[in-house]
Amino acid sequence: MDKKIGPQNKTSSRSTSEKALRINLDEKKYGTIVEIGAGQEVARQFFLAGAAAGTIAKTMSAYDMIFSDAIYGVQEDRRYVSKARVTAMMEQEFDLVLDRVGDSRSKSSRYFSYAATVAAKSFNRDNECHAWCGVRIQMYPGAEPSDIIVHVRMRDDNAEAQQEALGVLGVNLIYAAYYYFENPKLMIDSLTDNMKENRIEIDSIDFQGPYFEDIDNRAINLHLIRSWKTRGIMFAPDGTVAVPADVLYKKNVLTIRGSFRPVTNLNVDMIEQAKKSFAELESVNLKNTIAIAEISLNDLKGNDNNVPEADIVQRVQLLNLLGYTVMISDYTRYFSLRAYFRQYTKLQIGIVVGMINMKQIFDEDSYRGVEGGILEGFGKLFPDNTCLFIYPELDSDGEISDFDDVKVPDHLRFLYRHLIENGFISGIDCGHKDLLTIYSREILKQLSSGRGDWENFLPEGVADEIVKHKLFGFKEAK
């Protein structure tokens, strides 16, 4: 079964009102709340709880773009619902509260500024409903502030419900920053407290500042998947956490799933050969195409493999070195992966698979729990602008075996031919037959013995990175 996005990890028995009241009653916690685009829902929660005068110095909502620009400046991307804008809001408001009350309040005060910029459900159009929310906070009196910023997609179908959900999220974020700051995973778990399933998705979180300088944002973002806040996390080639909507919007998407432990010349050839075939499709322009290396956290039965975050980060690091965008997901079936991409783009989707993957795709046991079985699975995989590219392998005689040689159950052979003849499945070449003898598992076995021939099977620079950082158990030979 597919996971649901929601608050499965219960972290607190406190209601939203109780969280807000606890903060309100602590005279040492003081700050501002500014919200653009979805009402004053976070501030409202604190006022409803009572005693808010002890906590909130100011609330504000600058809806008009001219007013907003006058207060917070114009960001380089000129976008209003963006990370740059919410950062500018936090910085401006935090500096103001220190400047205006820092000398008059108790020296034991810990100041904060909460900011949110939101694109809620529009009255007359079908827009992307999302928000950037952040809190800048002192972890102890007089400290340099640290930031926590999240990107949120709202799932409710009306603006009122979306606003209400963001009000709960905002209280949870401020509360977590004050009371769970020593445990970032607990902070993430708590963000959907007191919220029903599937109301919001959190697809990125960023910890910055002196208190969080030891946090690897790549690793901590993986916990968003394991705490069921999202189904996938994306990393840009520079290693930063990326928002999927920004990466995929109106793009052709070519993706390859693998373990990439480590990434090999075979993996690179698969994606590069697929690019050539992808570019031959009439609707595809490679200048508007993104190639994504995808790693699933799950096994073939949909269970988490429990791979440590540090291990996943090492793979991301090497793929980024080669210039690839990387996606980590908890998807097991390819049709679910395709549906994820389809949320953001209506253009062509290409999925690169090996021969062994095709055998799994045609294994009817893989569709247990899917009401319509394999036919429903294929209906979800190939409804529009989606195709599979099959990379060859060596047969038992050491000869190249391609997509025409895939053995499927007899009663599915006509279905397989139908998919080929209608362009849903096509074969791709390999750059050189020797590539088909490269196996990541064999390379891993050699890493504990130091440098060696295994380096020849990896793309340029990858072996040096493994040696330099002693990745995947590499040890210098004695």
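**Close-up views of a predicted model**

**View 1. A salt bridge joins lysine 29 and aspartate 26.** In this predicted model, the closest N and O atoms of lysine 29 and aspartate 26 are 2.4 Å apart. Lysine 29 is buried, and aspartate 26 is buried too. The structure holds 32 salt bridges, and the next views show others from that set.

**View 2. Arginine 199 pairs with glutamate 164 in a salt bridge.** The closest N and O atoms of arginine 199 and glutamate 164 are 2.7 Å apart.

**View 3. Aspartate 193 and lysine 19 form a salt bridge.** Here the closest N and O atoms are 3.0 Å apart. Aspartate 193 lies in the loop between helix 6 (184-190) and strand 6 (200-208), and lysine 19 lies in helix 1 (residues 16-24), so this pair ties together parts that are 174 residues apart in sequence. Buried means under 20% relative accessible area. Aspartate 193 counts as buried because its relative accessibility is 2%. Lysine 19 counts as buried because its value is 0%.

**View 4. Four charged residues make up a network of salt bridges.** The residues linked in this network are Glu128, Arg153, Arg155 and Glu201.

**View 5. Phenylalanine 278 and phenylalanine 389 form an aromatic pair.** The structure holds 16 aromatic pairs. A pair of aromatic rings is described by the distance of the centres and the angle of the planes. For phenylalanine 278 and phenylalanine 389, the ring centres are 6.0 Å apart and the planes are at 90°, so the pair is edge-to-face. The two residues come from distant parts of the chain: phenylalanine 278 is in helix 9 (residues 265-279) and phenylalanine 389 is in strand 13 (residues 386-391), 111 residues apart. Both phenylalanine 278 and phenylalanine 389 are buried.

**View 6. Phenylalanine 382 and phenylalanine 424 form a tilted pair.** The ring centres of phenylalanine 382 and phenylalanine 424 are 5.3 Å apart and the planes are at 50°, so the pair counts as tilted. Phenylalanine 382 lies in the loop between helix 13 (373-381) and strand 13, and phenylalanine 424 lies in the loop between helix 14 and strand 16 (425-427), so the pair ties together parts that are 42 residues apart in sequence. With a relative accessibility of 8%, phenylalanine 382 counts as buried. With 24%, phenylalanine 424 counts as partly exposed. Phe382 and Phe424 also belong to a cluster linked by ring pairs, together with Phe362, Tyr367, Phe378 and Tyr416.

**View 7. A cis peptide bond joins arginine 261 and proline 262.** The omega angle of this bond is about 0°. Proline 262 is in the loop between strand 9 (252-257) and helix 9.

**View 8. Alanine 51 has a positive phi angle.** Phi of alanine 51 is near 65°, and the residue is other than glycine. Alanine 51 is placed in the loop between helix 2 (41-49) and strand 2 (56-60). Its relative accessibility is 43%, so alanine 51 counts as partly exposed.

**View 9. Lysine 250 has a positive phi angle.** Phi of lysine 250 is near 55°, again in a residue other than glycine. Lysine 250 is found in the loop between helix 8 (244-248) and strand 9. Exposed means over 50% relative accessible area. Lysine 250 is exposed because its relative accessible area is 51%.

**View 10. Asp395, Asp397, Glu399 and Asp405 form a negative surface patch.** One of these residues, aspartate 405, lies in the loop between strand 15 (400-401) and helix 14 (413-421). Aspartate 405 has a relative accessibility of 35%, so the residue counts as partly exposed.

Notes: Residues numbered from 1 in each chain as written. Predicted model: local features only at pLDDT ≥ 70, side-chain atom pairs only at ≥ 80, totals over all residues. Heavy atoms only, no water. Patch = residues over 30% accessible without salt bridge, like charges linked within 9 Å, V, L, I, M, F, W, Y side chains within 5 Å. Areas by Shrake-Rupley, 256 points an atom, 1.4 Å probe, with all protein chains shown as cover. Salt bridge = Lys/Arg side-chain N within 4 Å of Asp/Glu carboxyl O. Lys, Arg positive; Asp, Glu negative; His and termini not counted. Charge placed at Lys NZ, Arg CZ, Asp CG, Glu CD. Helix = DSSP H or I, 4+ residues; strand = E, 2+ residues; numbered from the N terminus. Buried < 20%, exposed > 50% of the residue type's maximum accessible area, 1.4 Å probe, protein only. Phe/Tyr/Trp six-rings, centres within 6.5 Å; stacked < 30°, edge-to-face > 60°.
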